[in-house]
Amino acid sequence: MRILARLGAVGAVLAAVSLPAGLAHATPGGPGVTAKVIARTTVGDRDYILREITVPPGQGTGWHYHDGTLYGYVKQGTLSHFDATCAPDGVYPAGSTIQEPAGADQVHIGENRGTTDVVLEVLYVLPHGAPFSEDAPNPGCAIE
């Protein structure tokens with residue numbers, strides 16, 4: 001019950017924030033990128049999943065998109081985020097909140113260009129049964 005309360009509290013706080021896109025974990029993340037599920041519940045046709053994601057220095061998430069909206073909080077480090085035009089669309093230091101919209105037209109990558117791990121808490125709001133992310137090819141950027 002305590003985990004569900006935490007999920008609800010984090011979800012409420014993050015859902016209220018409306019900032020530019022940020023990071024979530026893509027399937028082909030760089031070496032050492034890890035994620036663990038903290039809480040999970042399904043309401044109607046939506047899955048609400050809270051994960052903690054760690055991205056080591058010099059690593060990234062891989063190019064990807066999501067089938068649902070993500071809300072995140074940067075607990076540690078600084079996340080650099082790039083969209084499919086290869087342009088940086090955000091740098092998020094510890095304490096920042098981030099949001100990623102859903103859709104195949106929202107391809108992006110997150111990277112840790114710092115010297116300490118990036119640690120994120122991410123709330124996924126996905127269609128029931130959807131994967132955390134969908135891999136996408138590099139759109140022609142020098143960013144891997």
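K75 counts as partly exposed, because its relative accessibility is 38% (buried is under 20% relative accessible area, exposed is over 50% and partly exposed lies in between, using a 1.4 Å probe on protein chains only). By the way, this is a predicted model: local features need pLDDT of at least 70 and side-chain atom pairs count only at pLDDT 80 or more, while totals for chains, interfaces and linings use all residues. Residues are numbered from 1 along each chain as its sequence is written, and side-chain values use heavy atoms, leaving out hydrogens and water.

So who does K75 pair up with? One partner is E52, in a salt bridge with the closest N and O atoms 2.8 Å apart (a salt bridge is a side-chain nitrogen of Lys or Arg within 4 Å of a carboxyl oxygen of Asp or Glu). This pair links distant parts of the chain, with K75 in strand 4 and E52 in strand 2, 23 residues apart. E52 counts as buried, because its relative accessibility is 16%. K75 also meets E121 in a salt bridge, at 3.7 Å from N to O. Since K75 lies in strand 4 and E121 in strand 9, that pair ties together parts 46 residues apart in sequence. E121 is buried too, at 8% relative accessibility.

## The overall layout

Step back and the protein chain shows 1 helix and 10 strands (helices are DSSP runs of H or I with at least four residues, strands are runs of E with at least two, and both are numbered from the N terminus). The protein chain has 144 residues, and 47% of them count as buried.

Which residues have the most contacts inside the largest nonpolar core? They are I53, L120, V122 and Y124, in a core of 15 residues (a nonpolar core is a set of buried Ala, Val, Leu, Ile, Met, Phe, Trp, Tyr and Cys residues joined through side-chain atoms within 4.5 Å). Strand 2 (46–55), strand 4 (69–76) and strand 9 (118–127) each give two or more residues to this core, and strand 9 has the largest share, with 5 residues. There's also a second, separate core of 8 residues, including W63, V107, A136 and I143.

The structure holds 4 salt bridges. One of them joins R113 and E111, at 2.8 Å from N to O. R113 is exposed, because its relative accessible area is 54%, whereas E111 is buried at 12% relative accessibility.

D47, in strand 2, goes without: D47 is buried yet has no salt bridge, and the nearest side chain of opposite charge, R40, is 5.6 Å away (Lys and Arg count as positive, Asp and Glu as negative, with His and the chain ends not counted). Still, a polar atom of the D47 side chain lies 2.7 Å from the backbone nitrogen of G129.

## Spots in the loops

C86 is found in the loop between strand 5 (78–83) and strand 6 (88–93). C86 has a positive phi of about 80°, although it is not a glycine. Most residues other than glycine have a negative phi. C86 counts as partly exposed, because its relative accessible area is 30%.

P57 sits in the loop between strand 2 and strand 3 (64–65). The C-alpha atoms of P57 and T115 are separated by 5.3 Å, with the two residues 58 residues apart along the chain.

Note on methods: A polar contact is a pair of N or O atoms within 3.5 Å; within protein, one must be able to donate a hydrogen and the other to accept it, and residues adjacent in sequence count only if both atoms are side-chain atoms.
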